[in-house]
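Trainee: Could you take me through a close look at one part of this model, the charged side chains that pair up beside a helix, and then the helix itself?

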Amino acid sequence: MAMAFKMATTGMWVTDECKNSFMEMKWKRVHRFIVFKIDEKSRLVTVDKVGGPGEGYDELAASLPNDDCRYAVFDFDFVTVDNCRKSKIFFIAWSPTESRIRAKMLYATSKDGLRRVLDGIHYELQATDPTEMGFDVIRDRAK
């Protein structure tokens with residue numbers, strides 16, 4: 001397995017699969033969202049789940065665990081007040097209150113390294129419960 005980038009601050013590696021999946025979402029629009037997780041044993045950031053083009057925000061929210069941290073990117077399509085179709089990519093740092101403190105710290109310190117690898121993110125959300133990353137929050141932030 002080839003590694004794409006090492007995140008210097010935490011010694012974590014981001015797999016090529018992470019960057020390739022993100023590029024497919026960004027350019028080819030074959031994914032609506034991607035969920036990433038950190039494997040502490042191998043020190044790799046990997047793809048946990050990929051949402052197909054027919055899946056939406058509800059499927060993304062349902063795929064985030066209630067007791068563990070994750071990163072996610074979501075491709076939000078919308079129509080502006082000028083009737084123009086737009087798309088914005090959101091980065092979500094999911095860190096629920098029920099997750100372990102070690103996981104919260106690991107995800108918090110590794111976030112910037114992953115963000116640098118995923119070039120083209122428009123907005124970032126930090127969420128500890130579903131209300132902080134609700135669809136209305138994303139919609140309001142994109143406009």
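Mentor: Arg-32, at 16% relative accessibility, counts as buried, where buried means under 20% relative accessible area, exposed over 50% and partly exposed in between, with a 1.4 Å probe and protein chains only. This is a predicted model, in which local features need pLDDT of at least 70 and side-chain atom pairs count only at pLDDT 80 or more, while totals for chains, interfaces and linings use all residues. Residues are numbered from 1 along each chain as its sequence is written, and side-chain values use heavy atoms, with hydrogens and water left out.

Arg-32 meets Asp-77 in a salt bridge, with 2.7 Å from N to O; such a bridge is a side-chain nitrogen of Lys or Arg within 4 Å of a carboxyl oxygen of Asp or Glu. Because Asp-77 lies in strand β5 and Arg-32 in the loop between α1 and β3, the pair ties together parts that are 45 residues apart in sequence. Helices (H or I, at least four residues) and strands (E, at least two) are DSSP runs, numbered from the N terminus. Asp-77 itself is partly exposed, with a relative accessible area of 26%.

A second bridge joins Asp-75 and Arg-29, whose closest N and O atoms are 2.9 Å apart. Here Asp-75 belongs to strand β5 and Arg-29 to the loop between α1 and β3, so this pair ties together parts 46 residues apart in sequence. Asp-75 is buried, with a relative accessible area of 2%, whereas Arg-29 is partly exposed at 38%. Arg-29, Arg-32, Asp-75 and Asp-77 are linked in a network of salt bridges.

Helix α1, residues 16–28, has 13 residues and reaches 17 Å from its first C-alpha to its last, close to the 18 Å expected, the expected span being 1.5 Å times one less than the number of residues. Its buried residues are Cys-18, Ser-21, Phe-22 and Met-25. They cover an arc of only 100° around the axis, which puts them on the same side of α1; the arc is that of the directions from the helix axis to the C-beta atoms. What covers these buried residues includes β2 (12–15), β3 (33–39), β4 (44–51), β5 (70–79) and β6 (85–94), with contact meaning heavy atoms within 4.5 Å. The face of α1 turned away from the buried side carries the exposed residues Trp-27 and Lys-28.
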